[in-house]
Every structure is written in structure tokens, then in C-alpha cells.
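Please read the points below with the model open beside them.

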Amino acid sequence: IPNQQRNNAVTTLDIMNRYMDGVMNGVGGNTGAWTAQHLGGLVTQMKKFKLLPKDYEITPKEVDRMAMELTSYFSGVAMSARPALAFRNMWQRFLPGYKVGFGTVLDAQRLALTQEGRLLVQNSGVIPQEVIWAADEVGSMIKSFGGAENVLGEAKMAIQKLQNAGLWLYRKADHGNRAVSYLSGKLSIDRNAHYLRDGSELGRKQFMISTGLATDTLTVQNRVLQHLTNVAPGQWDEAVRKAGNEYGMRIAEDSQYIYNKQNAPMWMQNVPGRLAGQFGMWPTAFAEYMMRGSGGVLKPMIDLPHAFLTGGKFSEKDTVALYFMARHAAFTGALVGLGAATGVDTTTWNRTNPLGFEGGPYYQFARDIITILGHTETDFDRNIARAAVRRFVTENFNPFGGFTRDIYEASQEPDPAIALLMALGMNVDSSRERELKARKEQKR
């Protein structure tokens, strides 16, 4: 049996290696063609059973579209109809506060609720104009589904519309985050641009520190400062408006990790890369935001102690990095306090370990299959992998897999308060888990 398991594992690895060869070639655009060639036989069989139209052809462009739809589908599985994720995501609007200060963020939040603020956000384009209403999606689904010639196509559209309806609250939170982040950057420029009017070096330094712009790249700094340099008489207000819009968009992109295909890492830009790494953008982008905002890692560790010991002056970048990390620590402490007060696990809110990235559902499924078939892993590892494979089948092929799991776990909880939090999708310990932890503490 071990030999058979080893052979199966080697075969699986061989298939994965050949596919990853396609991934590497796909950086140049060949992945879609490679995948289309291998899916041709499957498409032929599906046409026979009328699951696809007779004129359907699998092309590289079609493979790319399918990959985008699958990543969207699995995002819906994980997030649709789960209010807790919208609540958790809402706190991400405070990330710009690490740079511009939390007072500015709170003022931006108040401005976002006014007609003036909504107009500024709308004109900026930071929020997509298409607004998806849950009732419209469900109504459209009911009208279109029925008497379908393309069974898979109509079923797919129905699932997408249902998932979109369930993602309405999450999108509202995400759009609110973008609005507040954009307005935070704009307000920061509005309030600090006066430092540049006299053209002094001291004023420029104060501007770079107060706005948090000092830790950005020179390209970003120049894009903002070009609007405020050599301003013609009578054009100052317009120059400030342009600089504010520039910085607001930049902060929104940096702190809210607004995704588009071009901004993704190269290995995520091809078909299998998106399928394997669809949930890797947040930890990757968060790590970059923290790295840039804190001035890097090694340099502040060297510069700051040296400045303290020698009585030297901090650079603009080091000063902003100190503010950035201090604000991050304060906000992290506030979230930990919130978790302690409510019993909700907030340890991963607005912070994460980028090295803990585990890939998308397909990547994890392949990894777990190899673990089950392999001969070097322990029985404990195999049991964990089997449970993960069962979840892949029971949850990932359910358009509302995350929501279904929340409801099931809540139904097993005797405490009504905890059950409600679990049904909403909050990460809380069940009564049984709390009892086990209490017993362990008593034994100590």
C-alpha cells in the first residue's frame, strides 16, 4: 500500500509539475492556449450532453475568462451572505490613519456622509459607478432562469447573481473604505499645503511629515508636489485640489489594495496563477504598505537608535516611520481590547503574516491530495488533509459555503449570544472550546 500511495503521489506531482510548466510559459501568454488544448476533449463531451452550446469553442481568451469567473465564484463562496466579513472589513478604513493621523480619518468619515463628500468621491472615480442592489440581482435571476438552452450558462448566471446579492453588504463596506481613504488623503493635502507657500525648506519638510508623504516613493512624491510647485497667481486653490485628488487616490490604492490584473504580482497575472493565488493579494499588499510606511525594516533599526544616542536629527522619512508604527501599535491595541470585550477573535484584523499565505482553493486541494496519498506524512497530517478535502467538496461547490458553515456551527451552540455571533460569521470560541480551555487552565 505505501508503494501504491507513493506512485499515486508521484503521478499527481508529475501532473502538477507539467501544469506549472504551463504556468511559467504562461507569463508570456501561452497558458491559455496550453489549457485550452487539454480541455478540448472535455468540452466535446459536454456538448454531447447539451451542457454547452454546439457552437461553443474553447480558446485561450475563453480560458482566461473562465479563470476570472472561477476566482470570483470562490470569493463569493468565502464572503457572500456573511455580515461579519463586512464588519471586519470596515476597520480597514483606518489604515490611512497610520500616515495622516486618525483625526484626519475621522473628519474624512464625517465628510463622506455629507452631500459634499459624496460628490467629491463620485467625481474621483475611486468607487466603481455600477452599484449592485441585492433585490435587482435576485429579480434579474428569476426573470432569466427558465427554459434555458445553455443549462450551464444559465445556472452560472443564477449563481453569480445570488452571490452578488449576498455580497451587497460587503461591497458597501468596501466602498465606504475607499471613500474615507480618498477623503483622508485629500484633507491631509488641504490642511498642510500652506507649508509650501513660502517655498522654504523647513516648510517643505513639515509638509512631507504632516501628510505622511515622506515614506512614499520619489515618483509618488513628485506626482503630488508637481501640482504645488511654481503655481501661477490665483491658481493656488486649483493646485491644492489637484494635489489632494492625486494623494487621495494614491492612499486609497495603497491602503485598500484596490485590485486589478495589472497591479497583481507577475505570477498572479496568468490563468493558473489567479486560480492558485486569488486570496494572496491582501497579505502581499498589506506587507508592502507596512514596509513602505515604516521606512523598511533594517534602516530604521539602524538610523533611529543612532539618532537617539548621538542627539542627531531624524530624517523626514524616519519621523513619519515613527508616527506610522506608533499609530499602528495604538490601533492594534484598540482592536485587541475590542476582542477581549466581545469574545470575538480580532487577532488578524488589519494585520496579517504575509508568509502565512496558503494559496487559493485549487492549490490547497492539490496539496491536501498529495498529503493523503504520500507516505512520509503522519496520520495526524493525513486526517487534517482529509478534513480539508471534505470541506472543499461540501463548501466550495456550495455557492454559499461559508454562510452554510456559519449557520451549521451556530446551530450546535447552546449559548444564544455566542450562536448569534457565529451565525453572523464572527470567529468566536464555542462553549465547548471555552470549557476545554478552562479545564487546561485549571490543570496548570
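**Notes on one helix and an aromatic cluster**

1. Exposed means over 50% relative accessible area, buried under 20%, and partly exposed in between, with a 1.4 Å probe and protein chains only. This is a predicted model, in which local features need pLDDT of at least 70 and side-chain atom pairs count only at pLDDT 80 or more, while totals for chains, interfaces and linings use all residues. Residues are numbered from 1 along each chain as its sequence is written, and side-chain values use heavy atoms, leaving out hydrogens and water.

2. Which residues of α21 are buried? In this helix, residues 416–423, they are Ile418, Ala419 and Met422. Seen down the axis of α21, these buried residues fall within an arc of 100 degrees, so they line one face of the helix. The arc is taken from the directions that run from the helix axis to the C-beta atoms. Helices are DSSP runs (H or I, at least four residues), numbered from the N terminus.

3. The cover over the buried residues of α21 includes α20 (401–411) and α22 (431–443). Contact here means heavy atoms within 4.5 Å.

4. Both ends of α21 deserve a look. Just after α21, glycine 425 has a positive phi of about 100 degrees.

5. Now the rings. Rings of Phe, Tyr and Trp (its six-membered ring) pair if their centres lie within 6.5 Å; planes under 30 degrees apart count as stacked, over 60 as edge-to-face and the rest as tilted. By this rule there are 9 aromatic pairs. In one of them, phenylalanine 94 and phenylalanine 331 have ring centres 5.3 Å apart and planes at 35 degrees, so the pair is tilted. Phenylalanine 94 sits in the loop between α4 (83–90) and α5 (97–100), and phenylalanine 331 in helix α17 (residues 316–342), 237 residues apart. Phenylalanine 94 counts as buried because its relative accessibility is 19%; phenylalanine 331, at 9%, counts as buried too.

6. Tyrosine 98 and phenylalanine 324 make an edge-to-face pair, 5.3 Å centre to centre with 85 degrees between the planes. This pair also links distant parts of the chain, with tyrosine 98 in helix α5 and phenylalanine 324 in helix α17, 226 residues apart. Tyrosine 98 is buried at 0% relative accessibility, and phenylalanine 324 is buried at 0%.

7. Ring pairs join Phe87, Trp91, Phe94, Tyr98, Phe102, Tyr289, Phe324 and Phe331 into a cluster.

Methods
Helix = DSSP H or I, 4+ residues; strand = E, 2+ residues; numbered from the N terminus.
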